[in-house]
Amino acid sequence: MTLKIGICTKQDLDEAMKLQKREQYEDERKRRIFNAKQRLYGLDLEMLDRQILEKKKQRTAQMECDKKFEEQEQLQKRLILAQEMELEKKQRVVDSDLNYYRCRYQRKEQRREFDLNDPNFLKKARPTRVADNDISLGVSSAQIFQGEDLYNSDRKQRQREQQRAWLDQQVQERKRAEDARKQADNVLMDNVGCRDKHLQEMAKSDHQMRNQVIHRVRQFNINMAKQKQLDREREKREKYEDDMAEIYNMLSSDMLTENPDVAQSRTDPNKKIAFMYRGMTPEELRVFRLGQEQQLRLSIQRKTEAQMMDKQWEQYSINMDRTLVLHQIEDDRRRKAEFDELMRANSKLAVEQDRQRKEALVGLTNAVSDDFYDQFNKNSR
């Protein structure tokens, strides 16, 4: 990178290098951010994986719940279908019984007013002459006619009897079939009753066994509670005896009786056992006081020596500070002279740069290049 100025100092070159590094870093950052396929900024992969795992768990739980609901629905459908089939079967039996009753006891010819509405009334009417010796015939009545059927009523009577016999036979067959069906239903109901009774007996036996197990468990728990109560009482009694023995041992121990012989260490004659020690003797106290007085004198002497040493160091530090201040003043004067020289050189450079800039502006007046427009919309921040 070259600067369009006449004179470049080291500071200008450093600044130019910084700008070039910043532009290069910005270009690399734009390539990383604006590439949607390789961009990783702004994504929490751990959170996304955790969310995907939670979604899978929720989907699995939902599928299991749906499967249970479907199984429950199929079971309900089968129960409803069985109930509907049972109701249809009962309805068919009721309809069959009703139709049989109507055919057997509510026929048209059994009505009281059937003779008034009988369509075959004329066919059933008595003929004019039954036989040649019919007493209903008068003197002027004709006796013999061609095509006359004198045995029509008998023949119809026999036909009716035959039809009645056929109907009775059909009724008997239907009744036998109905009895067979009822017998089969009774057998089925007996089997169902036996099965329900067997299930009730099994449930009762299971309930009795469960009650026995519960009773045994309760009895075992009662025995265990009694045993634990006895153990607690025994432990409490043993603890009380141990406490009493410990209290007696403590009361009769050397620590409470303050025996001075037990405080002496067996390994070191000049060492005392701390938890057994109960104080010094008057001779030991006198020796201890003499030692304290000697330590106090030594401490006062050390303090006096330390104060003298501190004074010497204070005087030395004052002398050093005075020397450093003189050196600092000389350094400040030297730096000020160097700064004044630098300012004069910078003023000359500024005047020269201002003159060059004015000359460049005069040559480029109203001339806007493409670089001016390309500098916008390039920053990724």
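Mentor: The protein exposes about 35,800 Å² (accessible areas come from the Shrake-Rupley method with a 1.4 Å probe; for residues, only the protein chains shown count as cover), and carbon and sulfur atoms supply 55% of this area. This is a predicted model, in which local features need pLDDT of at least 70 and side-chain atom pairs count only at pLDDT 80 or more, while totals for chains, interfaces and linings use all residues. Residues are numbered from 1 along each chain as its sequence is written, and side-chain values use heavy atoms, leaving out hydrogens and water.

Of the 381 residues in the protein, 4% are buried (under 20% relative accessible area, with exposed meaning over 50% and partly exposed in between; 1.4 Å probe, protein chains only). Among contacts (heavy atoms within 4.5 Å) with a separation of 6 or more, 33% join residues 24 or more positions apart.

The mean pLDDT (the predictor's confidence in each residue, from 0 to 100) is 82, and 80% of the residues reach 70 or more. Confidence is highest in helix H2 (residues 45-105), at a mean of 90, and lowest in helix H6 (residues 254-257), at 64. Over residues 1-5 the pLDDT is below 50, and this stretch has eight contacts in the model beyond near neighbours in sequence. Where pLDDT is low, the predicted coordinates should not be read in detail.

We now come to the rings. The structure holds two aromatic pairs (rings of Phe, Tyr and Trp, the last by its six-membered ring, with centres within 6.5 Å; planes under 30 degrees apart count as stacked, over 60 as edge-to-face and the rest as tilted). In one of them, the ring centres of Tyr101 and Tyr105 are 5.3 Å apart and the planes meet at 40°, so the pair is tilted. Both residues belong to helix H2, where they are four residues apart, about one turn of the helix. Tyr101 is partly exposed, because its relative accessibility is 44%.

Beyond its neighbours within four places in sequence, Ser96 is in contact with Arg174 and Glu178.

The remaining topic is helix H7 (residues 282-363), which holds both Trp313 and Tyr316, three residues apart, about one turn of the helix. Their ring centres lie 5.9 Å apart with the planes at 85°, so this pair is edge-to-face. Trp313 is exposed, with a relative accessible area of 52%, whereas Tyr316, at 46%, is partly exposed.

Definitions and conventions. Helix = DSSP H or I, 4+ residues; strand = E, 2+ residues; numbered from the N terminus.
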